[in-house]
Amino acid sequence: MWKRPRSFTDRAHGEDPMSNPTLGFIGLGVMGAGMCANAIRKHAAPVHVFDLNAEALAAQLANGGVAAPSVAAVASAASVIFLSLPGGKQVRAVCEEIAAHAASGTTVVDLSTTAVVDAREVAAMLAEKGIAFADAPVARTRQAAIDGTLSIMVGASDAVFAQVQPLLSYMGSDVTHCGDVGCGQVVKLINNTLLFEQVAAIAEMMVVAERAGVTGDKLIEAVVLGSGNSFALQNHAKKAMAPRLFPEKAFPSDYVLKDMGYTIELAGQMGVEPRMANRAAEYYKRAVDSGIGAKYFPAIIELVEGKA
């Protein structure tokens, strides 16, 4: 099934590209670290790893990854290359480097969240070099990345999805083929925007409840049993908003604004005015402007309380 031709290097290293392609992983940050560790642990062939952060790179070497000195080195060594990067600008730059050094038949799988147009333009650029592309953004938490239980939304041709699905299953318990290239990003952006909107709504209603005599914990306990239940309530509200725990090395409001910006742009391109998204984005913009933007994004409850 793998399209990359069997080369002398493959034979020298004993690689069978039909079943155990050599992997590359670029971007070993908050989410990438857990995903890469699972790929290293579960895959039978080498995983070549690269990150600009020496500490993040060292952690994956300790897990059994093979150190690569550059993006170009990963591109030269791997048949399938995973990316977990901050956004579309970084993905485009890395893919340009991959295009210059990877063999025809290589597959790039982008686990980052980018604009839909970025995914489709990068795919077209790589296709000119005979390199396949799938956008495969992930959802759920950092712990899910560590546990290998992410939800992964994939945009790719049927053939490419068939190739990468077993590899993505190392990292996610739910891998959904959403359509052709770009469709993974469509679904991921809408998923994230719905979450951010729900967190903003919960922040308002939790402060209302608390001021009216109901604790945040009791509100969650009761609403979880009713029609207002949601993932955001059970996770973001319960674990962060009720106890007011907002660590700074989590998902900050800057990241929220990036994702919501992509969604709002996409909505406009599709002829839809995203009023709810625009209103929720105001909270996250205020969080950044008021100095709490580095905190875990449910900290917007502090804005409702008037503490920020």
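Student: Where is the place of Arg140?
Tutor: Quick heads-up: this is a predicted model, where local features need pLDDT of at least 70, side-chain atom pairs count only at pLDDT 80 or more, and totals for chains, interfaces and linings use all residues. Residues are numbered from 1 along each chain as its sequence is written, and side-chain values use heavy atoms, with hydrogens and water left out. Helices (H or I, at least four residues) and strands (E, at least two) are DSSP runs, numbered from the N terminus. Arg140 sits in the loop between strand E7 (138-139) and helix H7 (142-147).

Student: What value is the phi of Arg140 near?
Tutor: Most residues other than glycine have a negative phi. Arg140 isn't a glycine, yet its phi is positive, near 95°.

Student: Is Arg140 buried, partly exposed or exposed?
Tutor: Here's the scale: buried means under 20% relative accessible area, exposed means over 50%, and partly exposed is in between (1.4 Å probe, protein chains only). Arg140 has 41% relative accessibility, so this residue counts as partly exposed.

Student: Which loop does Arg244 lie in?
Tutor: Arg244 is also not a glycine, and it has a positive phi of about 55°. At a relative accessible area of 23%, Arg244 is partly exposed. Its place is the loop between helix H11 (231-241) and H12.

Student: Which residues are linked with Arg244 in a network of salt bridges?
Tutor: Side chains of opposite charge can pair when their charged atoms come close. The cut-off for a salt bridge is a side-chain nitrogen of Lys or Arg within 4 Å of a carboxyl oxygen of Asp or Glu. Arg244 is linked in a network with Glu210, Glu305 and Lys307.

Student: How many salt bridges does the structure hold?
Tutor: One of them pairs Arg92 with Glu121, 2.8 Å from N to O. That pair links distant parts of the chain, 29 residues apart, with Arg92 in helix H5 (residues 88-101) and Glu121 in helix H6 (residues 116-127). The count for the structure is 12.

Student: How many residues apart are Asp289 and Lys285 in helix H13?
Tutor: These two form a salt bridge, with their closest N and O atoms 2.8 Å apart. An α-helix has 3.6 residues a turn, so residues three or four places apart point the same way. In H13 (residues 275-290), about one helical turn separates Asp289 from Lys285, as their spacing in residues is 4.

Student: Which side chain makes a polar contact with the side chain of Glu302?
Tutor: Glu302 lies in helix H14 (residues 301-305) and is buried at 13% relative accessible area. A polar contact is a pair of N or O atoms within 3.5 Å; within protein, one must be able to donate a hydrogen and the other to accept it, and residues adjacent in sequence count only if both atoms are side-chain atoms. At 3.2 Å, the partner side chain is that of Lys295.

Student: Which residues of helix H3 are buried?
Tutor: H3 covers residues 54-63. The face turned away from the buried side carries the exposed residues Ala54, Glu55 and Ala62. The buried ones are Ala56, Leu57 and Gln60. They sit on the same side of H3, because they cover an arc (taken from the directions from the helix axis to the C-beta atoms) of only 100°.

Student: Which residue caps the N-terminal end of H3?
Tutor: Just after H3, Gly64 takes a positive phi of about 115°. At the N-terminal end, a side-chain oxygen lies 2.9 Å from the backbone nitrogen of Glu55, and the capping residue is Asn53.

Student: Which helix gives the most to the lining of the largest cavity?
Tutor: On a 1 Å grid over the protein atoms alone, a cavity is a set of points where a 1.4 Å probe fits but cannot get out, and lining residues have an atom within 4 Å of a point. Grid points are joined across faces, edges and corners, and the volume is the space filled by probe spheres set on the points; the largest cavity holds about 30 Å³. Its lining includes Val116, Tyr262 and Gln269. With 4 residues, the top contributor is H12.

Terms used
1 Å grid on protein atoms, 1.4 Å probe; cavity = no way out; pocket = protein on both sides within 12 Å on 5 of 7 lines; lining within 4 Å.
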